[in-house]
Amino acid sequence: MLRSVTKILIASTLLGLSASVVFGDVFDFGERPLGTEENRRLAAYLAEQAQNMGYAAESLPFTCVRWERGASFLERGGVRVPLYPSPFSPAFDQTLDAAVASTTQQLKRVRGDGRLVFLRDELAKEPLTPRDYPFYFSALHREIYSLVDERRAAAIVAVTGRHPMYDESPFPLFNDANFKTPSGYISQESYAALLDAPRSKIRTVIKSKVYPETGEQWIFRKAAATTPAPGKILIFAHMDTAYNTPGALDNAAGVATLLLVMARLRDYAGPYDLEFVPFNGEDSPMARGEVTYLDRYRKEMPDIRLGINLDALGFRGAKVAVSTYNLDAVDQEYLDQQLSPFANLERGPEWVESDHSIFVFGGVPCLALTSADLANTVMTVAHTPRDTSANVDRALLAEAANFIAQLVTALK
Ligand SMILES: [Zn+2]
């Protein structure tokens, strides 16, 4: 049984709606990476909700991969430590000599051929952007990938510590469905235990498997009262999660807010076309939903009057931070006026991540709503098993939805 029977009812007074809105469901889907059954069920649920509210719904299907991992380990001289498989790693079980590299210079010289190679320190200080990531790349990360390829290691194990952004330790260095060398990651403590173990070859067991799957990118629309519309307003929140997290704050919170905004705007009669998009791939290395959407609708980017991203807002005890991108002075002033009645919303600093980046780089005026003080709120739980709905204050989501509905309704 996927969904719990518990549903949170937000009173009509809070929303200013004539009817109550059922709102707890999106928190009940749990871990939902691309290609999983939970991901498909949430997509279907959102489509059903949108259609019940009278929105036109379009589905763009895509292909993707799903990953399953099992208990994995390294063993040397009778000492066994846990190994975390990299997402999408091939399976592996061999006993081999090992080599170590800490810098790109060392990685150029290390004897990798047919060995287990440990990557440490400078090479393992931050997660590597997937090689074929569609939206940006890092020259250093690309160099590490090509050096790793040249070394022709049989397997790679990264020794990682605390994630520089997320409170996740250890963290995966590789998260790339197209990286074909078996790989995993371990903690500094596990590495120290292996160094202390009696000298011998190291057995590496990686239990991991990928499956070809399908997913859907949904788009929900309401046409402007009169045609042709002068443009469209795009409101979006990513619906997928990383692996190994229930993804309540990141980003069931945004999806719940998206539904609330849709409920508030179902009778919108303003000049703009409205488009609501639960992007399906923000926490996946290939961003399949985003790419599928852009393949089809990139040409409409100049028509977007305003893009609004909802990602990880509503952390309990924190305000909702509204950051702006590509807004002119008139829009900035308009925004401040619209924000002033909302006690728990405030201006926040720019952050160039998440799905708004795609549109910001395309010159689209954008807002992004997240939780204030990212480092001490979102980053302490996001991408971890601790990202549960207990951290999310639903009243903050309702307030954010009210703000967006009012902003959109008044936008000339
Ligand atoms: Zn997110």
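Histidine 383 is buried, with 24 other C-beta atoms within 10 Å; a residue counts as buried if 20 or more other C-beta atoms lie within 10 Å of its own, as exposed if 12 or fewer do, and as partly exposed in between, with C-beta atoms placed from the backbone. This histidine lies in the loop between α10 (378–381) and α11 (394–410). Although histidine 383 is not a glycine, it has a positive phi of about 65°. The model is predicted, and local features need pLDDT of at least 70, side-chain atom pairs count only at pLDDT 80 or more, and totals for chains, interfaces and linings use all residues. Residues are numbered from 1 along each chain as its sequence is written.

Phenylalanine 88 also has a positive phi, about 75°, and is not a glycine. The loop that holds phenylalanine 88 runs between β5 (79–85) and β6 (92–96). Phenylalanine 88 counts as buried because it has 25 C-beta neighbours inside 10 Å.

Two peptide bonds are cis. One runs from threonine 227 to proline 228, with omega near -5°, and proline 228 is found in the loop between β12 (208–222) and β13 (232–236). The other joins aspartate 250 and asparagine 251, with omega about 10°; asparagine 251 is placed in helix α6.

The next step is the chain as a whole. Its secondary structure comes to eleven helices and 18 strands, where helices (H or I, at least four residues) and strands (E, at least two) are DSSP runs numbered from the N terminus. The radius of gyration of the chain is 23 Å, close to the 22 Å that the globule rule gives for 412 residues, so the chain is as compact as a globular protein of that length. That radius is taken over C-alpha atoms, and the globule rule is 2.2 Å times the number of residues to the power 0.38. Along the principal axes, the C-alpha atoms fill a box of roughly 75 × 45 × 35 Å. Of the 412 residues, 49% count as buried. Among contacts with a separation of 6 or more, 78% are between residues 24 or more positions apart; two residues are in contact if their C-beta atoms, placed from the backbone, lie within 7 Å.

The chain is divided into domain 1 (9–67 + 212–410) and domain 2 (71–206), with bounds that come from an automatic or database domain assignment. The centres of the two domains, taken over C-alpha atoms, are separated by 35 Å. Where they touch, 14 residues of domain 1 are in contact with 13 residues of domain 2. On the domain 1 side, β3 (56–69), α9 (356–360) and α10 each supply at least two residues.

The largest nonpolar core has 108 residues, and those with the most contacts inside it are Leu119, Val157, Met262, Ala400 and Ile404. Such a core is a set of buried Ala, Val, Leu, Ile, Met, Phe, Trp, Tyr and Cys residues joined through C-beta atoms within 7 Å. Helix α6 (residues 248–264) gives the most to this core, with twelve residues. Domain 1 and domain 2 both give residues to this core, so it lies between them. Leaving aside neighbours within four places in sequence, the contacts of valine 157 include Leu74, Leu83, Phe118 and Tyr185. A second, separate core has nine residues, including Phe62, Cys64, Val65 and Trp67.
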